[in-house]
Amino acid sequence: MAEYDASPYVPEDADLAALSSAAAGCRGCPLYADATQTVFGQGEPSASVVLVGEQPGDQEDRQGRPFVGPAGRVLHRAMEEAGIDPADAYVTNAVKHFKFTVSERGKRRIHKQPTLREVAACKPWLDAELERITPQIVVALGATAAKALMGPEFRVTRQRGKLLTPGVSLDGAHILATVHPSAVLRAGENREEMYAGLVADLRVVADVLG
Ligand code: URA
Ligand code: SF4
């Protein structure tokens, strides 16, 4: 079984901009093959908060930037309502390439959940981002990001909205898990309620940032 791992592609002692450039050439797992490009994190190295999604979506894959599609609009509106300054936020994903299946008629690219192996393969990029930025708080948006950061046993349903104990690997940063903005879009008649929950969780983050 081929070992998936981004580590050989992650340059040591590179700053955030150099990491981003290097990630464009990552072949640490098979996901690079069908995607348009690597979607690295976006924001300033001085950011106090890092928000971590699952993987880029269709729009993100085309544009090469995280959270620029429908889920991104939900996220940015929720951040604004919660009082998180976008200039103080770095936005990224647990997996840096878009994984998808093509719809039967070949028209639409449908998001496909990355496997734990792919998440683990891509983790060196996320670790490197967090190491360079050293944020006060890291926000896991949904189960994939939460498992990437906290391990596969982590359950967002049980722990969401709670300020969690700083992990040793995160240099003392807080962690908070919440729902993924895409889940809000899929929530049907519970959409308003779920959106309000996302905003409430992000207010906890805004409080930490002061
Ligand atoms: N969903 C994510 O998890 N990340 C993005 O960048 C866009 C949609
Ligand atoms: Fe590398 Fe991550 Fe893309 Fe896989 S998904 S090729 S590990 S950047």
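Modeller: Helices here are DSSP runs of H or I with at least four residues, and strands are E runs of at least two, numbered from the N terminus. This is a predicted model, where local features need pLDDT of at least 70 and side-chain atom pairs pLDDT 80 or more, while totals for chains, interfaces and linings use all residues. Residues are numbered from 1 along each chain, chains are lettered from A and ligands numbered from 1 as written, and side-chain values use heavy atoms without hydrogens or water.

Biologist: Happy to start! What follows helix α8?

Modeller: Gly210 comes after α8, and its phi is positive, near 75°.

Biologist: Which residues of α8 are buried?

Modeller: Among them are Tyr195, Leu198, Val199, Leu202 and Ala206. Their cover includes helices α3 and α7 (181-185), together with strands β1 (49-53), β5 (137-141) and β6 (174-178).

Biologist: Why are α3 and α8 called oblique?

Modeller: The axes of α3 (residues 70-82) and α8 (residues 191-209) come within 8 Å and cross at roughly 55°. Under 35 degrees would be roughly parallel, over 145 roughly antiparallel and 65 to 115 roughly perpendicular, with the rest oblique. The pair is therefore oblique. In this contact (heavy atoms within 4.5 Å), α3 supplies Val74, Arg77, Ala78, Met79, Glu81 and Ala82, while α8 supplies Tyr195, Leu198, Val199, Leu202, Arg203 and Ala206. Sorted by type, nine of these residues are nonpolar, none polar and three charged.

Biologist: And what makes α1 roughly antiparallel to α4?

Modeller: Helix α1 (residues 16-23) and helix α4 (residues 116-133) have axes that come within 10 Å and cross at roughly 165°. That angle makes α1 roughly antiparallel to α4. On the α1 side are Leu16, Leu19, Ala22 and Ala23, and they meet Trp125, Ala128, Glu129, Arg132 and Ile133 of α4. This contact holds seven nonpolar residues, no polar ones and two charged ones.

Biologist: Last one: why does Pro11 count as partly exposed?

Modeller: Buried means under 20% relative accessible area and exposed over 50%, with partly exposed in between (1.4 Å probe, protein chains only). Pro11 has 27% relative accessibility, so it is partly exposed. Pro11 lies in the segment before α1. Residues it touches include Leu19, Ala22, Trp125 and Arg132. Along the chain, Pro11 and Ala128 are 117 residues apart, yet their C-alpha atoms are separated by 9.2 Å.

Conventions:
Axes fitted to C-alpha atoms, helices over the stretch in contact; angles between N-to-C directions. Nonpolar A, V, L, I, M, F, W, Y, C, P; charged D, E, K, R; others polar. Lists of a residue's contacts leave out its neighbours within four places in sequence.
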